[in-house]
Amino acid sequence: MEHITLLLAIVIVTALVFDFTNGFHDTANAMATTISTGALKPKTAVTMSAVLNLVGAFLSVEVAKTISGGLVNESGITVEVIFAALVGAILWNLLTWLIGLPSSSSHALFGGLIGATLMSVGASGVNGDVVVTKVLLPAIAAPLVAGLAALLATRLTYKLAGKADEKATAKGYRAGQIASAGLVSLAHGTNDAQKTMGVITLALVTGNVIAPGSNPPMWVIVSAGVAIALGTYLGGWRIIRTMGKGLTDLRPPQGFAAQTSAATVILASSHLGFSLSTTQSCSGAVMGAGLGRKGGVVRWSTATRMFVAWGLTLPAAGLVAAAAEFLTGQGTWGIVAVGVLLVGGSAFIWALSRRKPVDHTNVTDDEIGEPAGVVTTAMAAISVPPTAGALAAEDFKTTIPAPAGSSAEPASPAAV
Amino acid sequence: MKIDWAALGSVFGVSLVVTVALVGLFTLGIVGLSKQESASAQGGGSAVLARTGAYACFALCAAAVSYGIYLIVV
């Protein structure tokens with residue numbers, strides 16, 4: 001412990017912050033459908049998910065051997081690169097949360113690592129092939145697989161239970177849905193808390209604090225588990241709202257089919273050697289379930305914005321990380337500047353979110369479903385359209401040398 | 001570039017079959033229970049059958065969930 005330098009300490013804290021935003025961002029995966037169908041009260045749902053995430057973090061001792069899955073050459077990685085990558089990933093996670101779009105936290109971290117590596121060692125440090133096979137292809141496959149499974153399952157369940165009384169069956173569907181959601185939470189805790197443990201362990205190894213190949217110290221496991229659980233408990237209500245209400249209207253049978261499909265796809269994919277993003281599987285499953293019910297609709301405008309966000313995740317997080325890596329390369333003042341910008345940028349995004357807060361009290365309100373203009377205007381007020389979102393991300397990048405206060409200026413018109 | 005189509009294919013197949021099978025089983029269980037309620041109201045012997053069937057369905061689903069937890073832990 002005594003060898004931990006200031007930079008290393010900052011990186012560890014940043015990694016825990018990323019872990020927190022990860023939990024916060026991904027609560028929706030497990031609990032959006034459960035909350036929107038009324039299977040669990042919002043607070044109960046996030047509490048259950050948080051506990052299962054914490055349990056999941058301790059369940060498996062096999063820590064992610066590589067944090068990037070071979071995307072970048074990790075032998076040349078420095079503590080600064082990890083820091084820059086985390087900054088990019090955190091800012092993208094917060095931005096997508098602000099506009100209420102589910103996007104993959106792992107892809108944000110990948111993007112950050114790629115951007116920072118490109119800036120520090122150049123194109124030779126990045127494996128382009130792996131980007132296609134581990135990021136692009138799964139991004140297309142995940143929603144298709146989960147969506148098709150959820151669609152067929154929804155059709156089947158409506159067919160089988162067609163004659164039964166809807167009130168009598170709703171209770172059963174809700175119980176089933178809670179079980180599936182629990183599995184998703186548990187799997188999330190195991191996978192994603194370990195990712196952070198991997199990042200911190202790698203930083204510790206790179207900083208010569210622990211020997212290469214050693215297991216993470218206990219305090220790393222505990223802090224990563226607690227950070228992700230805390231994030232999950234606070235709940236990214238904006239994303240929960242989009243997933244549970246924005247994409248389609250879910251009834252208990254659909255919620256059950258969607259959540260079961262998501263849980264199955266996540267477990268099958270991670271154990272058959274073709275990793276699929278949890279977020280993308282869950283979003284796909286929700287849309288599939290939406291299409292599976294007779295008369296069900298998917299709001300393609302919301303879905304399109306989500307797809308655009310998925311496409312932008314890697315480059316946007318990469319851009320921010322590359323800029324951050326450029327700054328950290330300038331010496332101590334650069335590292336301090338990146339730290340200040342991270343805090344300032346996060347505070348700014350949080351401040352924007354307060355203008356139209358979404359929390360456990362209004363997360364299931366119906367207004368999104370109304371065709372009336374009220375909703376559209378309300379949504380427009382709180383949400384930046386995807387293209388403007390990208391602009392805002394660019395603004396963060398271009399204004400990075402400036403103090404945090406002025407980086408707020410160019411981004412705000414985009415949000416109005 | 002090597003894309004592992006076999007792994008992708010098996011993820012696709014397994015997810016599809018398992019999801020549909022589980023949702024189907026669980027639905028049968030739910031329907032069975034609701035049938036049992038109406039059947040026992042009329043005092044018929046089919047109530048026992050419906051209830052046994054429903055519990056068998058739920059037991060299979062519980063087994064699948066346990067297997068899922070096993071996959072996560074190991």
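The legends below describe close-up views of a predicted model.

The model is predicted, so local features need pLDDT of at least 70 and side-chain atom pairs count only at pLDDT 80 or more, while totals for chains, interfaces and linings use all residues. Residues are numbered from 1 along each chain as its sequence is written, chains are lettered from A and ligands numbered from 1 in the order in which they are written, and side-chain values use heavy atoms, with hydrogens and water left out.

**View 1. A:Q259 in helix α9 of chain A.** Helix α9 spans residues 252-271; helices (H or I, at least four residues) and strands (E, at least two) are DSSP runs, numbered from the N terminus. A:Q259 counts as buried because its relative accessibility is 2%; buried means under 20% relative accessible area, exposed over 50%, and partly exposed in between, with a 1.4 Å probe and protein chains only. The side chain of A:Q259 reaches the backbone oxygen of A:A30 at 3.5 Å. Apart from neighbours within four places in sequence, A:Q259 has contacts that include A:N29, A:T33, A:Q177 and A:V184. Contact means heavy atoms within 4.5 Å.

**View 2. Helices α5 and α9 of chain A.** Two packed helices are described by the angle between their axes and the distance between the axes. The axes of α5(A), residues 128-160, and α9(A) come within 8 Å and cross at roughly 140°, which means that α5(A) is oblique to α9(A). Axes are lines fitted to C-alpha atoms, for helices over the stretch in contact, and angles run from 0 to 180 degrees between N-to-C directions. Angles under 35 degrees count as roughly parallel, over 145 as roughly antiparallel, 65 to 115 as roughly perpendicular and the rest as oblique. Residues of α5(A) that meet α9(A) include A:V145, A:A149 and A:Y158; on the α9(A) side, A:P253, A:A257 and A:V265 are among them.

**View 3. A:N22 in helix α1 of chain A.** Helix α1 covers residues 6-36. A:N22 has 1% relative accessibility and therefore counts as buried. Not counting residues up to four places away in sequence, A:N22 touches A:N93, A:S105, A:H188 and A:D192.

**View 4. Two annotated spans of chain B.** An unreviewed UniProt entry places "transmembrane region" at residues 6-33 and 54-73 of chain B; UniProt positions are in the numbering used here, feature names are shortened, and annotations may be inferred rather than shown by experiment. Residues 6-33 of chain B are 100% helix and 0% strand, with end C-alpha atoms 40 Å apart. Residues 54-73 of chain B are also 100% helix and 0% strand, and the end C-alpha atoms lie 29 Å apart.

How values were computed
Polar contact = N/O pair within 3.5 Å; in protein donor to acceptor, adjacent residues only side chain to side chain.
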